Amino acid sequence: MSATTDIIETSSKPMPILPRRAGGVVEVDNLNHYFGEGEFRTQVLFGNKLNIDAGQLVVMTGPSGSGKTTLLTLLGAIRRMQEGKLHVLGQDLGALNDTQIITLRREIGFIFQMHNLFTSLTALENVKMSCHGDAAAMARTAVDGVALLQRLGLGHRIDYRPQALSGGQRQRVAVARALVGKPRLILADEPTAALDKVSCLEVIAMLKEWAAENGSAVVVVTHDNRVLDSADRIVSMVDGAIVSDVYLREALMICEFLRQIEIFSHLSMGELTQIAEQMQLRTFHGGDVMIRQGDEGDEFFLLRDGSVDVMINSGQTEQRVDTLKAGQCFGERALLTGGPRGATVVAREDGAVYVLSKPQFMHAIEVSPDFKTQLQNLYFGK
């Protein structure tokens, strides 16, 4: 489909409620997208994977033309998906017809750089325009709309039309309009570009609070570095592909853990962050065998929660030689020596572990001479 013909038409007719499936708010797997047709067909999104859960504020960054807005319009069911898997609010977008797509879209809150307010309507009337229900629903929307406008510092501007509002105030009205229906997914494209610093931080803080309080997911596409500190995750796109997906709190936790481990203690924050960004979170249950003595080493582990026992089989008996807890690591020796695992590690209870693959672990060694020297001294006595 072309860049223009795959936009889905809107409708003012009431739509039926759709059945839902279990899962995250957004689930994307191997998502591709193309503009143009025939010899002019050009791929603009490449194999993207992204899962977003309720309560998260996700900031999506990347250079202009990297595909951020295209991906956002696909998540919002504004543009028809073409290849891959895309579930939004429990719906398979590839399996919905136009009527069902429009129904789903009404459960998503949209905030754009251009506020798109109706100039003939007041601030409150613009907020109420998001309501597609009966009289009772419209009454509730009016009450909630007033509360939202007051929360956004516009209580004294409720009856003002857009031309009597500043640019920042208009954008706050647009934010209230997006939130008033209590959507489970909020999509914002450059929502703070026209705001001063104070207004920017207030709007982002409200979106973050809204996500936490209402169990909504918020995706913000932006070039505005002022919003990064508020993000739960930062997703970076380059040339149509997601190149990194960093959970900030998790990354900071990993860095703090790594700094307490001798072999990582002298790395710079930048080097620690690069390692943290590569680690994958994996859960385990009590009794699970994490690694087995004699097996080939292919992963490095850093305990996040829970504890594990380190067991060594001497041939006749198996003896516990250590118990590791949150913040401790295991599995690195076999990666460095190329030999088999020297012990079996068994989970004592349910927990979680950060995992780094052997190629990623070896890359971390190579990019940091100090790290490599420490490991050599520790394991090879050099």
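Visitor: Over how many bridges do strand β1 and strand β4 pair in the antiparallel sense?

Guide: This is a predicted model, in which local features need pLDDT of at least 70 and side-chain atom pairs count only at pLDDT 80 or more, while totals for chains, interfaces and linings use all residues. Residues are numbered from 1 along each chain as its sequence is written, and side-chain values use heavy atoms, leaving out hydrogens and water. Strands are DSSP runs of E with at least two residues, helices are runs of H or I with at least four, and both are numbered from the N terminus, whereas two strands pair if DSSP finds at least two bridges between them. For β1 (residues 26-35) and β4 (residues 83-88), with Val-28 standing opposite Leu-86, the number of bridges is five.

Visitor: Which residue in β5 is the bridge partner of His-87?

Guide: Strand β4 is also joined to strand β5 (residues 91-92), and the two run antiparallel with two bridges. In one of these pairings, the residue of β5 that partners His-87 is Asp-92.

Visitor: Which residue in the turn between β4 and β5 has a positive phi?

Guide: The two strands form a hairpin, with two residues between them. A positive phi of about 55 degrees belongs to Leu-89.

Visitor: Which element gives the largest share of the lining of the second largest pocket?

Guide: On a 1 Å grid over the protein atoms alone, a pocket is an open set of points where a 1.4 Å probe fits, with protein on both sides within 12 Å along at least five of seven lines, and a lining residue has an atom within 4 Å of a point. The second largest pocket has 16 lining residues, with Asp-245, Tyr-247, Glu-277, Met-279 and Gln-280 lying nearest its centre. At least two lining residues come from each of β10 (241-247), α7, α8 (269-278) and β11 (280-284), but the largest share, five residues, is that of β10.

Visitor: With which residue does Asp-245 form a salt bridge?

Guide: A salt bridge requires a side-chain nitrogen of Lys or Arg within 4 Å of a carboxyl oxygen of Asp or Glu. For Asp-245, the closest N and O atoms in such a pair are 2.5 Å apart, and the partner is Arg-233. Because Asp-245 lies in β10 and its partner in strand β9 (residues 233-238), the pair ties together parts that are 12 residues apart in sequence, from Asp-245 to Arg-233.

Visitor: Is Arg-233 buried or exposed?

Guide: Buried means under 20% relative accessible area and exposed means over 50%, with partly exposed in between, using a 1.4 Å probe and protein chains only. Asp-245, at 27%, counts as partly exposed. Because Arg-233 has a relative accessible area of 1%, the residue is buried.

Visitor: How many residues apart are Lys-49 and Asp-29, whose side chains meet in a salt bridge?

Guide: The N to O distance of this salt bridge is 2.5 Å. The pair links distant parts of the chain, Lys-49 being in strand β2 (residues 42-52) and Asp-29 in strand β1, and their separation is 20 residues.

Visitor: How far apart in space are Leu-248 and Ile-234, C-alpha to C-alpha?

Guide: Leu-248 belongs to helix α7 (residues 248-259). Leaving aside neighbours within four places in sequence, Leu-248 is in contact (heavy atoms within 4.5 Å) with Leu-228, Ala-231, Asp-232 and Ile-234. Leu-248 and Ile-234 are 14 residues apart in sequence, and their distance in space is 7.3 Å.
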